[in-house]
Each structure stands twice: as C-alpha cells, then as structure tokens.
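This briefing is meant to be read with the sequence and the model side by side.

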Amino acid sequence: MEADRKGLDGLPSKRVLIGNCTNRRRTHMLRVVAIVAALAVGATAVMAQNLSVIKQRRDVMAAIATSSSGNFKMSKGEVPFDLAKVQARLKTMQEEAAKFKGLFPGDSKTGGETAASAKIWQAKAEFEKAADTLLAEIKSASAAIKDEATLKAEYPKVAKSCGNCHKTTDGFAPSLAESFKRLKQ
Ligand code: HEC
C-alpha cells in the first residue's frame, strides 16, 4: 500500500509527507493566485489610465477644432463677422491647446479609438514643437485680430499650424478631413 502511494516527485508518500506537500502546494497556489490577481489589478489600472487620458486629449482637440472651425468660417465670410465670438473662441483654443502636449504618456499609444500616430512617441520633440507652434499662433492671432480685415489676414496662420500634425500621410494625426469626421456632432 505504502509503495503504491508515491508522490509526483517519487518520494514515499507517508501521510506526514503528503500533509506537508499539500500545504506547500496550497501556499504555492495561493501565491500564484495572489500574483495573478495583482497583475490583473495592475493591468486594469493601466488600461483605465490610458482610456481617461485618450478621452481627455480627444475632448481637448474637439474643443479646439469646434472653435477653430467657427473662426475659419467667419474668416471666409461664410458667417457674419463677430469680434466677441472670434476672441472667445481663441480664448478657449488657447486654454485647451496649453494642455494638449501633456496628454501623451507612454501608456496611451493605443486604446480608446485613438487616432494618434505612433510617430508622436518616436519624434516627441518635433511633435511638441508643433503643439507649441499651434499655441503661439493662437496667442498671436488673439493679439492681432481687431476687425474683419485682421481676422482674414491672421486666421490662415492658425489654420496652417493644424497641418503640422494633421497630414494625409506620415503625420502625427490623420488629415483634417478625416479628423473632423470623428467629432461628435
Ligand atoms: C501638435 C499636433 C496637433 C496639432 C497642431 C493639431 N492637432 Fe488635431 N489632433 C492631433 C492628434 C494627435 C489627434 C488625435 C488624438 C487621439 O485620437 O488620441 C487630433 C485629433 C483631432 C480631431 C479629432 C478629435 C476627436 O474627436 O477625436 C480634430 C477634429 C482635430 N484634431 C482638428 C484640429 C484642428 C482644427 C487643429 C488646428 C486648429 C488641430 N487639430 C491641430 C494633433 C494635433
């Protein structure tokens, strides 16, 4: 009987030994379960962080794009000129653009239906320069626009700076046409 009951390791499985083994295995299992649970919690935390920062930057860009599109239409004469509206939108754009480049941590490359290109993390300096240029153009437009003529003269510079990131190929983000389709109307 004793000889039949050999453990997996081939050691004689005396009752005491079985007891020890079982305890050790149980401890081991508990440790594995604890590690798996910790990893799962860690993964969830990372995922949640990803999704919130991606949502945040999409909201920031959506606010910039909505304001910019209003000013752009006005600069084209598609809607009547209104200085207060132009300036209010530039203020929103300035506040939002100031947040933008800080919303790209290394753990937010994918998920949340992000349209951000991997190039952002490969050419961080160039990306941040494009974000700084956008902010600088918004500020200088805000200082320069006093009437319809200055809106028409200055606004194209702001619109042009969107194109430092939004390109048909190899940009930091898809083309403006593609990006505007993503805006929740
Ligand atoms: C510094 C680079 C940069 C500049 C400059 C920039 N964008 Fe973006 N934009 C992005 C990135 C990156 C995304 C994608 C964000 C994501 O999906 O995670 C984006 C997303 C968008 C979106 C889609 C928002 C959504 O709902 O997901 C629109 C629309 C947009 N941009 C318009 C503009 C306009 C208009 C300008 C100029 C006023 C501009 N962008 C300037 C980088 C930029």
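The points below are grouped by topic and describe a predicted model.

**Overall fold**
- The protein chain contains 6 helices and 0 strands, and read along the sequence its pattern is α-α-α-α-α-α.
- Of the 185 residues in the protein chain, 21% are buried.

**Nonpolar core**
- The largest nonpolar core has 25 residues, of which Ala 97, Ala 130, Ile 138, Ala 141 and Phe 172 touch the most other members.
- H1, H2, H4 and H5 each supply at least two residues of this core, and the largest share, 6 residues, comes from H4.
- Leaving aside residues up to four places away in sequence, Phe 172 touches Ser 117, Lys 119, Ile 120, Phe 127, Ala 130 and Cys 165.

**Helix H2**
- The 18 residues of H2 should span 26 Å at 1.5 Å a residue, and this agrees with its end C-alpha atoms, which are 26 Å apart.
- The buried residues in H2 are Val 86, Arg 89, Leu 90, Met 93, Glu 96, Ala 97 and Phe 100; seen down the helix axis, the buried residues of H2 fall within an arc of 140°, so they line one face of the helix.
- As background to this arrangement, an α-helix has 3.6 residues a turn, so residues three or four places apart point the same way.

- Although Phe 81 and Asp 147 are 66 residues apart along the chain, their C-alpha atoms are separated by 8.2 Å.
- Not counting residues up to four places away in sequence, Phe 81 touches Met 74, Glu 148 and Leu 151.

**Surroundings of the ligand**
- There are 28 residues around the ligand, and those that come nearest are Ala 65, Cys 162, Cys 165, Ala 173 and Ser 179.
- H1, helix H4 (124–144), helix H5 (148–162) and helix H6 (176–181) each supply at least two residues of the shell around the ligand, with the largest share, 8 residues, coming from H1.
- By residue type, the shell around the ligand divides into 19 nonpolar, 6 polar and 3 charged residues.

Notes:
Residues are numbered from 1 along each chain as its sequence is written. This is a predicted model: local features need pLDDT of at least 70, side-chain atom pairs count only at pLDDT 80 or more; totals for chains, interfaces and linings use all residues. Two residues are in contact if their C-beta atoms, placed from the backbone, lie within 7 Å. Helices (H or I, at least four residues) and strands (E, at least two) are DSSP runs, numbered from the N terminus. The expected span of a helix is 1.5 Å times one less than its number of residues. A residue is buried if 20 or more other C-beta atoms lie within 10 Å of its own, exposed if 12 or fewer, and partly exposed in between; C-beta atoms are placed from the backbone. The arc is that of the directions from the helix axis to the C-beta atoms. A residue is near a molecule or strand if its C-beta atom, placed from the backbone, lies within 6 Å of it. Ala, Val, Leu, Ile, Met, Phe, Trp, Tyr, Cys and Pro count as nonpolar, Asp, Glu, Lys and Arg as charged, and the others, Gly among them, as polar. A nonpolar core is a set of buried Ala, Val, Leu, Ile, Met, Phe, Trp, Tyr and Cys residues joined through C-beta atoms within 7 Å.
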